[in-house]
Amino acid sequence: MQPQRSAATAPTGALERVSTRAWSRHRSIGAAVRAARPGTVIAVAPGVYRESLLLDKAVTIVGEDPDQAVELVGIDGPALVLVGGVAVVRGLTVRGARPDTAVIVAESGELTAQSCRVIGGPVQVGGRATVVLRQCSISQSTTAGVIAADGARLTAEQLRVEGVEGSGVVVRGAGAVSLTNSSISRVSGSGVQVGDTGTVDLAGCDIAHCETAGLHVDDRGQARMRDTHLHDLAGDGIWLASSAPFRAGWWTSLRPDRPASPDADDAAGPDNDPFGDPGEVGGVAVQRCELTRVGGAGLVLGGSAQVLLRDSTVDGTGAVGLVADGESRLALLDTRIVNAGVTAVALRDRAELRYRGGTVTGAGANGLFANGSSRAVIEQCELRGSKFSAVHLTGEANVALVQCVVAGTPEYGVRASDRSLLRLQGGTIDGATLGGVQVDATADAELRDVSVVSCGIGVRIDTPHRPLLHGCEIRDIAQTGVEIAASAAPTLRDCRITRCGAAGVFIDQLATPTLDGCQVNGIGGSGIAVTEGAAPLVRQVTVAGCKKNGVYFAPGAHGTFEDCDVSDIDYPALYVGAGADPVLRRCHVHDVEEDLSQMPGANAVFEGCWTTAVGKSTMPMTPETVSATPTGRPVTAGSRPAGSRPAGPPTVAAAPETPESLLGKLSGLVGLERVKQDVSGLVKLVQMSEMRKAAGMLPPPMSRHLVFAGNPGTGKTTVARLYGRLLAALGVLADGHLVEVDRGQLVGEYVGHTAPKTQAAFRRALGGVLFIDEAYALVPEGQDNDFGKEAIATLVKLMEDHREEVAVIVAGYPKEMRHFIAANPGLSSRFSRTLTFEDYSADELVLIVEQQAAQHDYVLSGPTRGALADYFGEVDRGTGFGNGRFARKVFQHMTEFHAARVGELSEPTPEQLSTLLPADLPSLDIDSGNSGGNR
C-alpha cells in the first residue's frame, strides 16, 4: 500500500523515496537520482545524508517532512553539483565538506532552490547555468555567499546571506545576479562585489554590517539598485571604479560655461530628462535607496566610473558623503546628502557632476569641494549647515550653481580660489558668517541675479580677473556689501546693495572696478569708499541713506563718476581727501545737510554737477550751472533743478603729469629694481627719439610693446598703468589709459566671434595701453583648433595698423610667456623686450606690510618687523605664490587678530589701538597665493 502524500509533495510524474532506514528502497539521494526518470519527484525523509550529489536530469528533490531537517553534507567537495537538466531542490539543508569549498555548484542547466539553507560555503554558478533561489539562506562561508561567473545567471528572492568571511555576493566574468527583497549582513568583505563585465540588480534589499563596502563595482561591471537600504557599514557605502561604457539617453554633457536654466530642454533622455532612465546607465544606477550610518564614504567613484542617484538619501557617513575622482561622472536627482562626517560632495581630477533638486545639510566640512579640473552643474539644490564653506572651488574647477539656496555656514557661502571658474545664476546665499561669495587668487566668477543676504561680507573680489556681478541683490550684510580688493577690477551691473553695517562698496588700492546702474542704500558706513590709487568707473549709480559719506575718496584716490545720484546722507555727501583727483560728471546731490567736504590739496573735477535741497553747498560750479528754474527764479551757485544736465568745462583742472613725477612714483614702489631700470631706460630712449626727430634726424629703432614676465602679485598691472601714463606724459600716446583684458575678453565661444571681440578690446585701448593678463592662455597646449590663435592673428594685424596709437603689454608666468611668444612669428618681432618681475624678498614684503599699516593708521613695532621678516622667510613660495597680494593678505589677517586681541581690553590706549604685535601674525598655513586650501 502506497503511503499518503501531502499536496505539497504530490508528484506530477513518478515518485522515488529516500530514507536512512533499512527498509527504504533508496538509502541515498544520489541512488534515487540515478534511478529516476526525467520529471520524477524524490521525497527525502528527515536525516543526514553524507554524499556528493550530481544532478544531470529534470528531477525535483523535496524534504518529506517540513518540520524535520533533511541535511545533505558533502563528502570531499560540493554537496550538490548541477551539470545539466532542470532540477528543483526544496526544503533541504545543504552543508559543505570544507569551509573554503562551494556547497552548491551549477555548471550547466537550471536549478531552483526553495526554502533551503546553505551552510559552510557559497553557491557557485558558472558556465551558462541558471540558478533561482527562493526563501533561502547562506551562512558560515569563508569565501563568499554567492559566486556567479562566466555567463551564468542567478536570481534570488528573499535570500538571506549572513556570517560570511568574504563578500556576500560576487559577480565576475559575464555573470548576472538579481536579488529581490533579500538581505546581506555580517560579511568581512563587500556586501555585493561586481567585476569584469558582470551585472547585478538589487530591488528591495537590505545590506548591513559589511567591513569593506556595501556595493563594490570595478572593471566594466554594472549595477542597478532600487528601494534598497545600505546601513551600518564599517567601510564605504558604494565603491565604484567601473569603466563600463555610457549608454545613450541619460547623460547631458556638462556646459559650465553656459549653465542651463532650470527648465532648459537640453536632454536626450526619455521625456527630455537629462538624467534619463536608470536602466540606461552604464556603471551604477541607484533609485529610491538609502545609505545610512556608513563608517567610510557614502559613495566613492574612480577611473571612468559613472553613477546615477535618483530620489535617494546618504545620511551619516564617517568620511566624505560622495567623492568622485579620475574622469568619473556623477548624476544626482532629488537626492539628499545629510550629516557627512567631512565634505558632503568632493570632486577631484577631471570628475564631472550634475546635481538637480537635492539637499545637502550638516556637512562636517564643505558642502561641495571641487578641485583639479573637475566640473559641476548644480541646479535647484539646497546646501545648508556646512561647518566650512558651503561650496569651495580650487585648482581649475569649473562649477555652475543655478537657482540654488546656500545657507548657514560659519565661513563662506561660495568660495572660488586658485584658477577656478565660478558661475552663479539666480538663487540665494544666506547666513554665511565670513562672507557670501569670495573670489580670490586667480579665480574668475560670474554672478547673475543672485541674492546674498545676512552674511558677514556680501561679496569679496580679490583676483586679477574681471568677475561680473549682474542683477544681484546684496542686503542685510553685517560688514561691507561688496569688497573689491587691491588691484581687482570686477564689473557690477544693475546690482542692489542695501542695509550694510559698514561700506556699501569698498574699493581697495589700485582697484579699477566698473559700477553701472547700481543702487546703494541703507548703509551704516559710506555708500562707496574709494582708497588710495583706486580708479573706479561709476555710471548711473544711486547712493542714498548712508550714515557716513555717500562717496568717500581717500587721499590719493581717483575715479570717474557719471550721471550718479546721491541723497539722504548723514555726513557730507561727497568727501575728497588730499591728493584725490576724481572726476564727477552730471552728478546730482540732493536732500543732504552738506554736499561736499574737500580737504586741502584735493583735485576733484566737477563737470555739469548740481544740487537741490542742500543745507550747506561748497561744490564748485561752472558758470553754466547758474541758471533759472522753470519758474524763472534764480538758482544759487551749487544748486540746479532736477532734470537739468549742463555739460560745461571743469572748474578745477588736474595738474598735468610729468615724466619726472611719474618716474618718482615708479621709484617709490617696493622692490622691482630691474624693472625700474628698464622703464627708466625706455623713457630715456623715447626722450632721445623725440630730440632726434626735432633735430631732423631719424629716431632710433624701438618698440613700445612689452612682455611682463613674473609671478602673481609682483606689480605688473601697477607698472603697466604707470608706463601708459609715462608714454602720455612724453607725448607718445594720446592719454595713456590702461585697458586690462584676458582670454575671456578676446576669445569668442563660436566661429566668427573671436575677431570682433579682439577688435572691440583693442579699440578701447587706442591712445593708451592694452594689457593682456595671462596672455599664454591664448595658446593652450595640445589644442590646435583653439580660437586663441585667431585672437593672436587679429591682434598682430591691429598692432601693425595702429602702431603709433597704442602700446600692448602681454603678461604672465615667465616659462609660459616664452611659449606664448614662440606661438606666432608676428609676436616675436613685435615683442622684442621682456621686463622680468622678480619675486619680492622677505624684507620687501615687510615694507609692503609697513606701507599698508601706515595707510590704515597702524604701526609696526620693532619686534613685529623682525617677526614679519622671519615669517616671510619661512612661508612656502610654491607655484603661484602671491607676493604683494600675499603681503596685503597677511596685513589683513594681522588687523583681524589685533582687533580680537585689543577687543578684550576694557579701555585700550591709542597706542594699543594702533600697534601691531608679533602675536597678531597669522599661522604659516594661510593661503600664500593662488592656493585656496581644502576648505
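Visitor: Please take me to Leu 672: in which loop does it lie?

Guide: Leu 672 sits in the loop between α2 (659-667) and α3 (673-694). Helices here are DSSP runs of H or I with at least four residues, strands are E runs of at least two, and both are numbered from the N terminus. One caution first. This is a predicted model, in which local features need pLDDT of at least 70 and side-chain atom pairs count only at pLDDT 80 or more, while totals for chains, interfaces and linings use all residues. Residues are numbered from 1 along each chain as its sequence is written, and side-chain values use heavy atoms, with hydrogens and water left out.

The phi of Leu 672 is near 60°, a positive value in a residue other than glycine. Most residues other than glycine have a negative phi. Leu 672 counts as buried because its relative accessibility is 9% (buried is under 20% relative accessible area, exposed over 50%, partly exposed in between, with a 1.4 Å probe and protein chains only).

Gln 135 is in the loop between β14 (130-134) and β15 (137-139). At 42% relative accessibility, Gln 135 is partly exposed.

Now the cores. A nonpolar core is a set of buried Ala, Val, Leu, Ile, Met, Phe, Trp, Tyr and Cys residues joined through side-chain atoms within 4.5 Å. The largest has 167 residues, and among those touching the most other members are Leu 55, Leu 353 and Phe 561. Helix α1 (residues 29-35) gives the most to this core, with 3 residues. A second, separate core holds 48 residues, including Val 670, Leu 682, Phe 708 and Tyr 840.

Next, a helix pair. The axes of α10 (residues 842-855) and α11 (residues 862-874) come within 8 Å and cross at roughly 130°. Axes are lines fitted to C-alpha atoms, for helices over the stretch in contact, with angles from 0 to 180 degrees between N-to-C directions. The pair is therefore oblique (under 35 degrees is roughly parallel, over 145 roughly antiparallel, 65 to 115 roughly perpendicular, the rest oblique).

Charged pairs come next. A salt bridge puts a side-chain nitrogen of Lys or Arg within 4 Å of a carboxyl oxygen of Asp or Glu. By this rule the count is 37. Asp 201 and Arg 226 form one, at 2.9 Å from N to O. Asp 201 lies in strand β23 (residues 199-203) and Arg 226 in strand β26 (residues 222-226), so the pair ties together parts 25 residues apart in sequence. Asp 201 is partly exposed, at 21%. Arg 460 bridges to Glu 483, with the closest N and O atoms 2.5 Å apart. Arg 460 is in strand β52 (residues 457-462) and Glu 483 in strand β55 (residues 482-484), 23 residues apart. Both Arg 460 and Glu 483 are buried. Elsewhere, Glu 473, Arg 475, Asp 476 and Arg 499 are linked in a network of salt bridges.

Last, Arg 415. This residue lies in strand β46 (residues 412-416). Arg 415 is buried, at 12% relative accessible area. Val 391 is 24 residues from Arg 415 in sequence, yet 6.2 Å away in space, C-alpha to C-alpha.
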